[in-house]
Amino acid sequence: MVKLRLKRCGRKQRAIYRIVAIDVRSRREGRDLRKVGFYDPIKNQTYSNVPAILYFLEKGAQPTGTVHDISKKAEVFKELRINQTKSNLIYEIEKKD
């Protein structure tokens with residue numbers, strides 16, 4: 001199973017976190033599948049690669065609580081709903097033909 005979670009980077013007392021897609025069995029600093037963003041809690045900055053996050057969410061990846069909150073602020077889940085409704089409409093149109 002794949003999770004979207006934070007990976008700690010930076011120096012002592014100045015933590016910066018990468019948002020990564022990683023296997024559940026890996027350690028926090030273990031080998032990730034793909035980097036999909038970063039989060040700086042000190043400057044309160046985030047960067048999210050929205051298409052990559054959507055790809056992993058559509059494939060069944062589960063975000064951790066913090067990553068879920070960060071993605072919610074970035075309105076990633078609205079994009080996910082829009083993509084799902086579009087794909088459902090396309091599926092219904094193809095089904096009628």
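Gly37 stands opposite Ser48 in strand β4. The model is predicted, and local features need pLDDT of at least 70, side-chain atom pairs count only at pLDDT 80 or more, and totals for chains, interfaces and linings use all residues. Residues are numbered from 1 along each chain as its sequence is written, and side-chain values use heavy atoms, without hydrogens or water.

Strand β4 covers residues 45–48 and runs antiparallel to β3, with four bridges joining the two. Strands pair if DSSP finds at least two bridges between them. Strands (E, at least two residues) and helices (H or I, at least four) are DSSP runs, numbered from the N terminus. β3 and β4 form a hairpin with four residues between them. In the turn, Asn44 has a positive phi of about 55°.

Phe38 lies in β3, residues 34–40. Its relative accessible area is 31%, so Phe38 is partly exposed (buried is under 20%, exposed over 50%, partly exposed in between; 1.4 Å probe, protein chains only). Together with Ile16 and Tyr47, Phe38 forms a nonpolar patch on the surface. The accessible area of the three is about 270 Å², by the Shrake-Rupley method with a 1.4 Å probe, where for residues only the protein chains shown count as cover.

Glu79 belongs to helix α3, residues 76–96. Glu79 is partly exposed because its relative accessibility is 38%. Beyond four places in sequence, Glu79 touches Val50 and Leu54 (heavy atoms within 4.5 Å). Pro51 is 28 residues from Glu79 in sequence, yet their C-alpha atoms are 9.2 Å apart.

Notes. Patch = residues over 30% accessible without salt bridge, like charges linked within 9 Å, V, L, I, M, F, W, Y side chains within 5 Å. Salt bridge = Lys/Arg side-chain N within 4 Å of Asp/Glu carboxyl O.
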